[in-house]
Amino acid sequence: MTRILLVCGSQRAASLNARLLDALAAALPAGVVADRLRPAEVDLPLFDADREDDPAVVARVRALHARFLAADALIVASPEYNGLMTPFLKNLVDWVSRLPYRDPALAGAFADKPVLLAATSPGWSGGAVGIPALRALFGYCGAVVFGEAITLPYGDRAIAPDGTLDPAFAGIWWRDCVARFAALVLCLKGPRP
Ligand SMILES: Cc1cc2nc3c(=O)[nH]c(=O)nc-3n(C[C@H](O)[C@H](O)[C@H](O)COP(=O)(O)O)c2cc1C
């Protein structure tokens with residue numbers, strides 16, 4: 001079974017990006033399982049190198065690292081904050097990326113991991129301004145960031161709280177993007193032994 005970890009860059013209960021993730025997950029083909037990382041499951045302090053040996057923090061980071069490692073790919077939907085990624089998402093990536101430096105037996109959780117980036121916001125940019133920063137972040141961590149990204153301007157009008165999509169956004173372009181990303185993930189994973 002191919003597993004895609006869905007990561008939201010917003011912790012907000014009413015997050016538009018969480019709604020967008022729901023829509024993208026619904027477009028995944030059969031044979032691909034979506035594993036949703038809930039913000040409550042993250043629960044990490046602001047990164048502090050002096051806390052890298054704190055047993056309570058290490059236990060949480062290990063669990064998150066294992067979750068990322070187990071995924072065949074990631075779909076990340078995040079708002080931009082002043083044109084960059086949210087501190088929540090950056091903090092999560094920082095903690096998870098640091099663990100193999102402390103425990104060299106561990107592989108990098110993002111190494112060679114295909115990543116599809118997505119964003120929405122209530123504004124005109126739809127989070128598109130922050131996509132290059134996300135691309136740089138995941139690329140730096142060794143991920144293989146998909147060439148296209150899905151961005152949705154005026155997201156508060158495009159996706160209703162119940163997940164209903166405005167017909168203007170219900171077209172095929174982003175479904176096609178998700179399908180091609182999933183096809184790439186399946187191809188990279190190769191035939192099961
Ligand atoms: C600190 C901060 C900075 C923001 N900067 C941007 C921005 O650069 N571009 C943008 O379109 N929206 C910006 N916004 C508005 C967010 O896109 C909006 O709050 C959005 O709903 C957040 O995503 P979420 O609904 O998934 O939590 C900002 C919001 C905050 C709190």
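A residue counts as buried here if 20 or more other C-beta atoms lie within 10 Å of its own. With that in hand, here are close-up views of a predicted model.

**View 1. Helix α1 is mostly covered.** Eight of the eleven residues of α1 are buried. They are Leu 16, Asn 17, Ala 18, Arg 19, Leu 20, Leu 21, Ala 23 and Leu 24. What do these buried residues pack against? Their partners are β1, β3, β6, β7, α5 and α6.

**View 2. Five strands form an open sheet.** Reading across the sheet, the order is β2-β1-β3-β6-β7, and the pairing is parallel. Which strands stand at the edges? They are β2 and β7, and each has a single partner strand, so one side of each is left without a neighbour in the sheet. From one strand to the next, the twist averages 20°. As a reminder for this view and the next ones, strands of a sheet pair through backbone hydrogen bonds, either parallel or antiparallel.

**View 3. Strand β1 sits between β2 and β3 in the sheet order.** Strand β1 covers residues 2-8, and five of its seven residues are buried, so the strand is largely enclosed by the rest of the structure. On one side, six bridges link β1 in the parallel sense to β2, residues 32-37. Look for Arg 3 here: its bridge partner in β2 is Val 33. β1 also runs parallel to β3 (residues 73-77), to which five bridges join it. In that pairing, Ile 4 has Ala 73 of β3 as its bridge partner.

**View 4. Strand β6 links β3 to β7 in the sheet order.** β6 is made of residues 114-120 and pairs with β3 in the parallel sense over four bridges. Val 76 stands opposite Leu 117 of β6. How many bridges join β6 to β7? There are six, and these two strands run parallel. Pro 114 finds its bridge partner in β7 at Val 144. Helix α4, residues 131-140, comes into the picture as well: with β6 and β7 it makes a right-handed β-α-β unit.

**View 5. Helices α2 and α3 cross.** Two packed helices are described by the angle between their axes and the distance between the axes. For α2 (residues 55-70) and α3 (residues 87-102), the angle is about 95° and the axes are 9 Å apart. An angle from 65 to 115 degrees counts as roughly perpendicular, and α2 and α3 are therefore roughly perpendicular to each other. From α2, the contact is made by Val 61, Arg 62, Leu 64, His 65 and Phe 68, while α3 brings Trp 95, Val 96 and Leu 99. Six of the contact residues are nonpolar, one is polar and one is charged.

**View 6. Phe 146 lies in strand β7.** β7 covers residues 144-152. Is Phe 146 buried or exposed? With 21 other C-beta atoms within 10 Å, Phe 146 is buried. Leaving aside residues up to four places away in sequence, Phe 146 touches Pro 114, Val 115, Leu 116 and Phe 181. For a sense of scale, the C-alpha atoms of Phe 146 and Asn 82 are separated by 23 Å, and the two residues are 64 residues apart along the chain.

**View 7. Two loop residues have a positive phi.** Most residues other than glycine have a negative phi, and most peptide bonds are trans. Asp 112, in the loop between α3 and β6, has a positive phi near 60°. Asp 112 is exposed, with 10 other C-beta atoms within 10 Å. Tyr 154 belongs to the loop between β7 and α5, and its phi, also positive, is near 50°. Tyr 154 has 18 C-beta neighbours inside 10 Å and counts as partly exposed.

**View 8. Ala 168 occupies the loop between α5 and α6.** Ala 168 has 9 C-beta neighbours inside 10 Å, so it counts as exposed. From C-alpha to C-alpha, Ala 168 and Gln 11 are 27 Å apart in space, and 157 residues apart in sequence.

How values were computed. Residues are numbered from 1 along each chain as its sequence is written. This is a predicted model: local features need pLDDT of at least 70, side-chain atom pairs count only at pLDDT 80 or more; totals for chains, interfaces and linings use all residues. A residue is buried if 20 or more other C-beta atoms lie within 10 Å of its own, exposed if 12 or fewer, and partly exposed in between; C-beta atoms are placed from the backbone. Two strands pair if DSSP finds at least two bridges between them. Axes are lines fitted to C-alpha atoms, for helices over the stretch in contact, and angles run from 0 to 180 degrees between N-to-C directions. Angles under 35 degrees count as roughly parallel, over 145 as roughly antiparallel, 65 to 115 as roughly perpendicular and the rest as oblique. Two residues are in contact if their C-beta atoms, placed from the backbone, lie within 7 Å. Ala, Val, Leu, Ile, Met, Phe, Trp, Tyr, Cys and Pro count as nonpolar, Asp, Glu, Lys and Arg as charged, and the others, Gly among them, as polar. A crossover is right-handed if, with the strands pointing away from the viewer, the path from the first strand over the helix to the second runs clockwise.
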